[in-house]
Amino acid sequence: MPRVRRLTIATVVLAALLCGASPARAGDESLRQLIDSEVKAGWAKKSIAPAPKSADSEFLRRVYLDLVGTIPTHDETVAFLADKEPKKREQLIDKLLADPRFARQQANVWDLVLFGRNPGNIDATRKRDGFKVWLTKQFAEGVGYDKLVRELLQGEQAGSELFQVQFRNQPEEATIAISRIFLGTQLGCAKCHDHPYDKWTQRDFYGMAGFFVRIVIEEATAGNVKTYTVAEKASGEVLFSGAAKDQKPGKKGDPVKPRFLGGNDLDEPPTPKDAKEPTPKAGVKLPKPPFSRKQKLADWVTATENPFFAKAVANRVWAQFMGRGIVHPVDDFQAENKPSHPELLNALAERLTANKFDLKWLIREIVNSEAYQLAGTGSVTDTLPKHFERARVRPLTAEEIVLTLRTATSYESTGKSDDQSMSPNEYFMRAFGEPMNGMGDFQGSLSEHLFWNNAEQIRVFARRKKGNLTDQLLAATDPWEKRVERLYLTVLNRPAKPTEVAKFVEFIKSDAKPDGRVEDAVWVLLTSSEFRFNH
Amino acid sequence: MNPFCRTGDHLSRRAFLKGAAVSGGGLVLPNWGGLAHAKTAAEIASKAKKRCILLWMNGGASQIDTFDMKPGRPTGGPFRPIQSKVTGLQVCEYLPKVAAVADKLAVIRSMQTHSPDHPDGIYHMHTCYKMSERTPHPELGAVIAKYNGDLGSDLPTFVRMGSCGNAGAGYLGPAHEPFSLGRDGKLGSFSTPYLADDAEKKRADLFRFVESEFAVDHKAEPFASHRTAKERAWRLLRAKAVFDISKEWPTAKERYGDSDFGRGCLMARKLVEAGVPFVEVGQENYDSHADNFVCHKANMQLLDPAYSGLLTDLSERGLLKDTLVIWMGEVGRTPGINNRAGRDHFIRAWTTVLAGGGIVGGQVYGATDADGKDVKENPVSEGDLFATIYKALGINHRAKHLTGVRPVWLTPEGSQPVKELLG
């Protein structure tokens, strides 16, 4: 059965390519249908009962956060919940994918993938507004992922160079990062010894490092601002001297020819005997080398034939929305780590390749599937359900928390939106930046909760200020029950249960002056688990 | 008379009113509610895991001017050694009180380490791994907090004052991150609630209601982690009184010396007494590239009463056998004296000191040569030191964790606990 299906897909893809039409809706099965049939087949094999379809409010909040990085407003919530159109979810997805905030959210997600919270050469890479502007532009213009990665590896477009500045003078670090992020392969173990269980040896590692050893990061200072250029020398080799435990001071190694991972040695013209490296001069940029290893690597990584590239990104984008990669961890493709749904992964990779690596197209398909739209309720307690039988749970990032607090409390309406930055400042980053342990498990911390409880920077969202949510609730004249319902629709994007309404009204009325109580009620919802996570 | 308790176990009335329980051994117990289930207070105290205090000599103290004197040698400097309580162990003349408690000390004179500067040295001596590895190793305090701490207690499990480590909780995760106190015991940022007590309580109750409603249908682990961390923060805010040493200080300063560092040491004693498994107290500043002797004489005059006072206090309260006290900096200092009467960084042969926590006191482990330029016998690496510390505290020094897909161990391969120190 699977082989027939794959053949069908391949035929469809081939036919579509020949016709020049996007294969998304053509042929037997759209990708979203294929996703659902594969996931359902997985459940059947394990006799798993999945969660039901998500409620509208659950889906609404989840898809807003995943696509635009913030929650819907009260009015958007009410309109969606009241809409009787059977295709309203699909239409909402189209609307959000066309929203300019989608590009910003994608840029935030991928910035975290490319740099993490503690990038190398942090003095240069900590503040990377120029990079983020470049990255957002790529997503806004719908640049194909293969072109985007190519630009990152070339580092020639203004803003893109900062990615490689992380690895300045550290070709080994570049090797590890680029293999992990773009090829889904953990090469790091093979730096110091042959990989203990995977097939990679040190020669494979240093073969890849050969592509980065000639890279030079040039620095120019104009006033206070440093700018960087990714340049490349015409010579320079990686010297390999054996396992790390056998090293002794003064032990020189032998040069290693660059080799594509799992592939052939680089076909390189020999350096002419009388070639000399130009002397670096201040203010003068290094000329382009006659043969660029950097370009060859960029070509190879992003080629459609590259055996790792498409699967790695398809897996990563799947994990972005479904919680867990089909290969998990998302950047650990190896023989011992089998994909949970191998045919699905192949289909995602093939179709993405056929669609010119258009990530927006892939996201549209994933988010329209029934699998993505499952409820977050259910008996399975896993954060990231293994068989995608329930929606995954993820904490909001620091970036999302800042934006969501603003949206939930109508912060813009107070007219004071400039003094609180729209991207997380140092305090927000410290409290919310890195909430996971080494294995990716979420951990609540003292510093996060002391911040929630006592920081003025949080209180400013809940405290009454003309125009904000607390002010609107206090200034309204309808009964408290109605106002509490509005509170829930605004902050949690769902109708309140009768028990919740009763409890909140009792709380607010327990004081003759309701100002403090309404502020506290808003605060309680802002710091709740329901708000803190996307589920 | 209740057959299960003795007079000494009865709670002092004042302590009761303060909401703390004091055992016969003087141990202030967290979680007052827990007492109701135990037969005696002493039983709870004995179940508590071992604790640790790190006295961090920021900048790197000179071993030749403190615990590894070289009288008469060209590298010896102007200070003279004095005989300590222990035959064969001499210390600097400016550490007379420490000399009097030398029977508690295990002086390791043969430290041989690998990170010579401050950022890398601080990292290496807090995590026993090199900073250049770019792996998020946890500090000593985070490891002890995780293995010997109780996340259900009122107080943080990893407390520090003054100069300290730069690695944080690493791959162990934010649940074990350090909690900073100001030198005067003032709590770090965001430790003061802006609501009055009763409004806080009402707000907290509403929060618990909202959470219990949500938990009916949502059972994934992160939600529980979020809730318990919030309760932990609230408990800390209610237990803030423990950090107030102003009543005890006027008498205690006779013993600890009237200095910031002395106050820090008293605070450390109070906190381990209350069950905090790890407290770090930093002393400024030993980085004497110039005027080494002026600097060290001044620092030792603060170190002497505080260090000895802490050990004596812990011992008198019966806490020393369960509390490991570590004295160390990030590097040692050169035997050679430079042209500014200073000593520079030196990692080939230097000294750390362990006391309490089951460490065999009154001994010297390892030796340096006549001028202190190299280790003569029994070199101790960062990994060996940490293995010894973890073993003393009942922690497996080869415990394995994962950071991403990479396995990491608490100490590097080949690290061995020093048997002579552990007895």
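Let's start with helix α15 of chain A, residues 342-354. This is a predicted model, so how does the length of the helix check out? At 1.5 Å a residue, its 13 residues should span 18 Å. The C-alpha atoms at its ends are 18 Å apart, so expectation and model agree.

The buried set includes A:L344, A:L345, A:L348 and A:L352. A:E350 and A:R351 are also on the buried list. After the helix comes A:K356. Its phi is positive, near 60°.

Now the interface. Chain A puts 52 residues in contact with 46 residues of chain B. Which elements of chain A give two or more residues to that side? They are α19 (446-454), α23 (498-509), α24 (514-526) and α25 (529-532). The largest share comes from α19(A), with eight residues. By class, the side of chain A that touches chain B has 22 polar, 18 nonpolar and 12 charged residues.

Next, confidence. For the complex, the predictor gives an ipTM of 0.89 and a pTM of 0.87. Chain B has a mean pLDDT of 88. In that chain, 89% of residues reach 70 or more.

One stretch needs care. Residues 1-45 of chain B have pLDDT below 50. That stretch still has 59 contacts in the model, beyond near neighbours in sequence. Where pLDDT is low, predicted coordinates should not be read in detail.

How values were computed: Residues numbered from 1 in each chain as written. Chains lettered and ligands numbered in written order. Predicted model: local features only at pLDDT ≥ 70, side-chain atom pairs only at ≥ 80, totals over all residues. Contact = placed C-beta atoms within 7 Å. Helix = DSSP H or I, 4+ residues; strand = E, 2+ residues; numbered from the N terminus. Nonpolar A, V, L, I, M, F, W, Y, C, P; charged D, E, K, R; others polar. Expected span 1.5 Å × (residues − 1). Buried ≥ 20, exposed ≤ 12 C-beta atoms within 10 Å, placed from the backbone. pLDDT = per-residue confidence, 0-100.
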